[in-house]
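Hi,

Here is the structure I said I would pass on.

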Amino acid sequence: MPSDTPIPILDPTGRPPSRIGLGIFLRICAMACMAGLFGLVKVASERGIPIFETLFFRNAFAFIPIAIYIHRTSGFGVLRTSRPGAHAVRAMVGLTGMIGGFVAVSHLPLTEATALSFSAPLFMTALSVPLLKEAVGPHRWAAVAVGFVGVMIMIRPDPANLADIGVIFALIGAMGSALAMITIRQISMTEPGPRIVFYFTIAGALAGLASLPFGWVMPDAGVFALLGLMGLLGGVGQLLLTEAIRVAPVAVVAPFDYTQLVWASLFAYLVWDELPKALTLAGAGVVAASGLYILYRETIKRRERQS
């Protein structure tokens, strides 16, 4: 999840969720795609590809599956919008999260960057008070506090670790992802998911392309293939997230976001012979538990409002 942020997207068909097993399977597959995406971002960084060039390829190639999906479901008429400003804000905070995540994985072990990204729901809960005027009760505040203890376990709070550029950008990425989720919550009443994803992908491609005069590295055929695969994984992963919540309730499938750490650990072991640190796993477990409790409390509150 480092900041490509698995974000729930509205179902354009409006059909009620029903197939829980399929939804869970799609969510797990989406997390595999996201882990592969960020693993390839790390590989591209090691091959000398600048972050903003990577940003361009991630979004440019993601257009392929996204365009096919829109054509086969809602049609391109869904792209008409009267809220360009809202999409610009969503793109700005979302790209902050994505770039933060890209920088994090280029400086940290993949599993550590992935685990730190799990703090995004904690930031989202805390920021929902001033930005959405939501009431957050003592249970959720306690979960946020416990979650940040988990973050501190992962970053081992001494001056050297706190000043690590990878840690700093991982937390910036998580904050950007949280702001993106809040922005999507604000605009999703009028803007369907495919429209939000499409304009965000355009913004990402343009932001990456704007860096061309500042020095791109011409990729060889192998690196170009990796960059293309990276973008396709990002687009397919986003669509799998969309389909997962189309067929099953968010409260059921969202906990499976944490399987991304399993996939990231597997990728890291196969490519870099890297095993996650004990403190990373311990802190990630604390953060995941607090995130799941926040989800549980929000589900209860939602049911109470609907009853």
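**What I found**

Let me start at a loop: lysine 133 sits between helix H5 (120–132) and helix H6 (138–155). Helices here are DSSP runs of H or I with at least four residues, strands are runs of E with at least two, and both are numbered from the N terminus. Before going on, please note that this is a predicted model, in which local features need pLDDT of at least 70 and side-chain atom pairs count only at pLDDT 80 or more, while totals for chains, interfaces and linings use all residues. Residues are numbered from 1 along each chain as its sequence is written, and side-chain values use heavy atoms, with hydrogens and water left out.

Lysine 133 is not a glycine, yet its phi is positive, about 60°. Most residues other than glycine have a negative phi. Lysine 133 is also exposed, at 70% relative accessible area (exposed means over 50%, buried under 20%, partly exposed in between, with a 1.4 Å probe and protein chains only).

Aspartate 273 is another non-glycine residue with a positive phi, near 55°. You'll find aspartate 273 in the loop between helix H12 (260–272) and helix H13 (278–306), and it counts as exposed, with 58% relative accessibility.

Now the overall picture. The chain has 13 helices and zero strands. Its 307 residues would give a radius of gyration near 19 Å in a compact globule, and the chain's 18 Å agrees with that (the radius is taken over C-alpha atoms, and the globule rule is 2.2 Å times the number of residues to the power 0.38). The C-alpha trace spans about 60 × 50 × 35 Å along its principal axes. As for burial, 52% of the 307 residues count as buried. Among contacts with a separation of 6 or more, 91% are between residues 24 or more positions apart; a contact means heavy atoms within 4.5 Å.

What about the inside? The largest nonpolar core has 60 residues, and those with the most contacts inside it are Leu37, Phe102, Leu116, Met154, Leu227 and Met230. Helix H1 (residues 20–46) gives the largest share of this core, 12 residues. Another core, of nine residues, lies apart from it and includes Ala62, Tyr69, Leu79 and Leu239. A nonpolar core here is a set of buried Ala, Val, Leu, Ile, Met, Phe, Trp, Tyr and Cys residues joined through side-chain atoms within 4.5 Å.

Cysteine 29 is partly exposed at 23% relative accessible area, whereas cysteine 33 is buried at 10%.

Leaving out residues up to four places away in sequence, phenylalanine 224 touches Phe57, Phe61 and Pro219. Phenylalanine 224 and alanine 44 are 180 residues apart in sequence, but 9.3 Å apart in space, C-alpha to C-alpha.

Cheers
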